[in-house]
Amino acid sequence: MAIEKQTNGIYTWSCSIDAEYHRNSIRPGLYMCIGFAVFLLIYGGVLSSRFHDPMSFWIVAACVGVFLLIVAIVFGLAFSAADPQETYVLTDTYLKIGYGKSSVFFDFKKLDRVDFHEQYIELREKKRSALVYTATKEDMEFVREYITSRVSGDTKVYFY
């Protein structure tokens, strides 16, 4: 079993996830960066026009160009990942996906629906959802039983 139980009773593991799911999960970040760049260009253009200083617009445009170059490099590397990995932390009350500021917590009592598939588990709340992967079938069975025993009675649970 690849899932490790820590001394504090928390289970942790890392494993490969579906590359297409990974790309779809980071795509909103790319769109936000592009939207931010467009906003800066429009705002820079309005200020440049208002103060009759076309040179200031070109400075803003150059900065936005450098920003978009960095965005293209970072997201290009992220989108080209052939074997993306994810980390998971499983406690008695929640499942944490990811690490650091980009981690997402799913409280078992707040789940609206849980779908158990052969390759992954889909956790759904009102406005968000996430897929949970494991390295082996044995790990998948363990996580399935662990989550099933901790969700509230109102949670819809489906097995596929």
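A: Happy to. Counting a side-chain nitrogen of Lys or Arg within 4 Å of a carboxyl oxygen of Asp or Glu as a salt bridge, the total comes to eight. This is a predicted model, in which local features need pLDDT of at least 70 and side-chain atom pairs pLDDT 80 or more, while totals for chains, interfaces and linings use all residues. Residues are numbered from 1 along each chain as its sequence is written, and side-chain values use heavy atoms, without hydrogens or water.

Let's start with R144 and E141, whose closest N and O atoms are 2.5 Å apart. They sit three residues apart in helix α3, about one helical turn (helices are DSSP runs of H or I, at least four residues, and strands runs of E, at least two, numbered from the N terminus). R144 is buried at 13% relative accessible area, whereas E141 is partly exposed at 41% (buried is under 20%, exposed over 50%, partly exposed in between, with a 1.4 Å probe and protein chains only). Elsewhere, salt bridges with shared partners join R113, D115, E122 and R124 into one network.

E125 pairs with R128 in another salt bridge, with 2.9 Å between the closest N and O atoms. E125 is buried at 16%, and R128 is partly exposed at 34%. R128 also lies over the face of F106, 4.3 Å from the ring centre (the rule asks for NZ of Lys or CZ of Arg within 6 Å of the centre and within 35 degrees of the ring normal). Likewise, the charged end of R150 sits over the ring of Y146, 3.6 Å from its centre, and Y146 is buried at 8%.
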